[in-house]
Amino acid sequence: MEPIKKLFEKEFFSDLHRKKKEVDFYQNCLQDALPKNLSMAFKVTKYKRGVLYLSTPSNAFAHKIKLLSKKIATQINKQL
């Protein structure tokens, strides 16, 4: 059991854990900022170089989120 613990303490896994916490934070922020009917229609996939990547089940949801992007950005900046 000890070698497995040492494996998960490596820098690679700590970096993955940090990225997961960052994605979860943005997921929660967006769920708070969006209307309830849209809050479950997306998933934050990654955050890289100041760009937040989302995945949606259809183009219609992506378009609705794009229309609300300015409002979403201002609300998230308030939370940050």
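**Reading a predicted chain, feature by feature**

Tutor: Start with a pair of residues: Lys43 stands opposite Ser55, which lies in β2. Before going on, note that this is a predicted model, in which local features need pLDDT of at least 70 and side-chain atom pairs count only at pLDDT 80 or more, while totals for chains, interfaces and linings use all residues. Residues are numbered from 1 along each chain as its sequence is written, and side-chain values use heavy atoms, with hydrogens and water left out.

Student: How many helices and strands are in the chain?

Tutor: Helices (H or I, at least four residues) and strands (E, at least two) are DSSP runs, numbered from the N terminus. The chain has 5 helices and 2 strands. Along the sequence they follow the pattern α-α-α-β-β-α-α.

Student: In which sense do strand β1 and strand β2 pair, parallel or antiparallel?

Tutor: Two strands pair if DSSP finds at least two bridges between them. Here β1 (residues 43–48) and β2 (residues 51–55) are antiparallel, with 5 bridges. The two strands form a hairpin with 2 residues between them. In the turn, Arg49 has a positive phi of about 50 degrees.

Student: Which residue in β2 does Lys46 stand opposite?

Tutor: Lys46 stands opposite Tyr53. A charge sits over a ring if NZ of Lys or CZ of Arg is within 6 Å of the ring centre and within 35 degrees of the ring normal. The charged end of Lys46 sits over the ring of Tyr53, at 4.8 Å from the ring centre.

Student: What does Tyr53 touch, leaving out residues up to four places away in sequence?

Tutor: Contact means heavy atoms within 4.5 Å. With that exclusion, Tyr53 touches Lys43, Val44, Thr45, Lys46 and Lys48. Distances between C-alpha atoms are another way to read position: those of Tyr53 and Val23 are separated by 9.6 Å, with the residues 30 apart along the chain.

Student: How much of the chain is made up of buried residues?

Tutor: Buried means under 20% relative accessible area, exposed over 50%, and partly exposed in between (1.4 Å probe, protein chains only). Buried residues make up 19% of the 80 residues. Tyr53 is partly exposed because its relative accessible area is 36%.

Student: Is Gln27 buried or exposed?

Tutor: Gln27 has 13% relative accessibility, so it counts as buried. This residue lies in helix α2. Leaving out residues up to four places away in sequence, Gln27 touches Phe42, Lys43 and Val44.

Student: Which residues make up the largest nonpolar core?

Tutor: A nonpolar core is a set of buried Ala, Val, Leu, Ile, Met, Phe, Trp, Tyr and Cys residues joined through side-chain atoms within 4.5 Å. The largest one has 11 residues: Val23, Tyr26, Cys29, Leu30, Leu34, Leu38, Phe42, Val44, Ile65, Ile72 and Ile76. Both α2 and α5 (69–79) supply at least two residues of this core, and the largest share, 4 residues, comes from α2. Take Ile72 as a case: beyond residues up to four places away in sequence, Ile72 touches Leu30, Leu34 and Ile65.

Student: How is a pair of aromatic rings described?

Tutor: It is described by the distance of the centres and the angle of the planes. Rings of Phe, Tyr and Trp (its six-membered ring) pair if their centres lie within 6.5 Å; planes under 30 degrees apart count as stacked, over 60 as edge-to-face and the rest as tilted. By this rule there are 2 aromatic pairs. Phe25 and Tyr26 form an edge-to-face pair, 5.4 Å centre to centre with 70 degrees between the planes. Phe25, Tyr26 and Tyr47 form one aromatic cluster. Phe25 is partly exposed because its relative accessibility is 37%, whereas Tyr26, at 11%, counts as buried.

Student: Which residue forms a salt bridge with Asp24?

Tutor: A salt bridge is a side-chain nitrogen of Lys or Arg within 4 Å of a carboxyl oxygen of Asp or Glu. The structure holds 1 salt bridge. Asp24 forms a salt bridge with Lys20, and their closest N and O atoms are 2.7 Å apart. Both residues lie in helix α2 (residues 11–33), 4 residues apart, which is about one turn of the helix. Asp24 is partly exposed, at 33% relative accessible area.

Student: Where is Phe61 found?

Tutor: Phe61 is in helix α4 (residues 59–67). With residues up to four places away in sequence left out, Phe61 touches Leu38, Ala41 and Thr56. The C-alpha atoms of Phe61 and Ala41 are separated by 6.8 Å, and the two residues are 20 apart along the chain. Phe61 counts as partly exposed, with 27% relative accessibility.
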